[in-house]
Amino acid sequence: MKKVTIIVSSLLVFACGGAKIISISQADVTRAAIKYPGITSEQLVEGQKLYAANCAKCHTLYAPSKFGEKRWNHEIDEMSGKEYANIDAKTKESITKYILTFAKQ
Ligand code: HEC
């Protein structure tokens, strides 16, 4: 059973092509909390899921480490709009927190 789960999840990652799913550690949550006080690992995981669900429809899921904060803010602003992902403010905020936690420093 365990083996099957591993095979299925690696197929999913493979099928999506782009960024690997980052596993979120306590150290990541601590780092994120400097910028976003009180943030939880659940919130980061939620942001990661929303990112994968909304931002890989037209191109690969870009690794958060591909760009720095300034560039990401610009890209996310543009991509959240009606012509692209068309997401609400809450979804955008959740995705932004996840991406910026793992952005290029
Ligand atoms: C409806 C299709 C579509 C969706 C959905 C979409 N994108 Fe895009 N994305 C594009 C297109 C087309 C471009 C290239 C043209 C441009 O920059 O305007 C692009 C470019 C980008 C780039 C620039 C890549 C580079 O190398 O310069 C980033 C980063 C990006 N998207 C992130 C996102 C994020 C984050 C989301 C989710 C909020 C998202 N995209 C959702 C179509 C989409």
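**The α3–α5 contact**

In α3, Q43, L44, E46, G47, Q48, L50, Y51 and N54 meet T91, S94, I95, K97, Y98, I99 and T101 in α5. Contact here requires C-beta atoms, placed from the backbone, within 7 Å. Helices are DSSP runs of H or I with at least four residues, strands are runs of E with at least two, and both are numbered from the N terminus. The residues of this contact divide into 6 nonpolar, 7 polar and 2 charged.

The model is predicted, so local features need pLDDT of at least 70, side-chain atom pairs count only at pLDDT 80 or more, and totals for chains, interfaces and linings use all residues. Numbering runs from 1 along each chain as its sequence is written.

Now the geometry. Two packed helices are described by the angle between their axes and the distance between the axes. For α3 and α5 the angle is about 105°, and the axes are 8 Å apart. The axes are lines fitted to C-alpha atoms, for helices over the stretch in contact, and angles run from 0 to 180 degrees between N-to-C directions. α3 and α5 are therefore roughly perpendicular to each other. That label covers 65 to 115 degrees; under 35 is roughly parallel, over 145 roughly antiparallel, and the rest oblique.

Leaving out residues up to four places away in sequence, Y98 touches L44, G47, Q48 and Y51.

The largest nonpolar core has 13 residues, and L44, Y51, I76, I95, Y98 and I99 have the most contacts inside it. At least two core residues come from each of α3 (41-54), α4 (69-80) and α5 (89-101). α5 gives the most, with 3 residues. A nonpolar core is a set of buried Ala, Val, Leu, Ile, Met, Phe, Trp, Tyr and Cys residues joined through C-beta atoms within 7 Å. Buried means 20 or more other C-beta atoms within 10 Å of a residue's own, exposed means 12 or fewer, and partly exposed lies in between, with C-beta atoms placed from the backbone.

Next, the loop between α3 and α4. C55 lies there. C55 counts as buried because it has 23 C-beta neighbours inside 10 Å. Not counting residues up to four places away in sequence, C55 touches L61, M79 and A85. C55 and M79 are 24 residues apart along the chain, with their C-alpha atoms separated by 8.2 Å.

C55, M79 and A85 also belong to the ligand shell. The shell has 14 residues, and the closest are C55, C58, E75, M79 and A85. α4 gives the most to the shell, with 4 residues. By class, the shell has 9 nonpolar, 3 polar and 2 charged residues.

The loop between α4 and α5 holds N86. N86 is not a glycine, yet it has a positive phi of about 55°. With 11 C-beta neighbours inside 10 Å, N86 counts as exposed.

Finally, the whole chain. The protein chain has 5 helices and 0 strands. Of its 105 residues, 18% count as buried. Among contacts with a separation of 6 or more, 70% join residues 24 or more positions apart.

Note on methods. Contact = placed C-beta atoms within 7 Å. Near = placed C-beta within 6 Å. Nonpolar A, V, L, I, M, F, W, Y, C, P; charged D, E, K, R; others polar.
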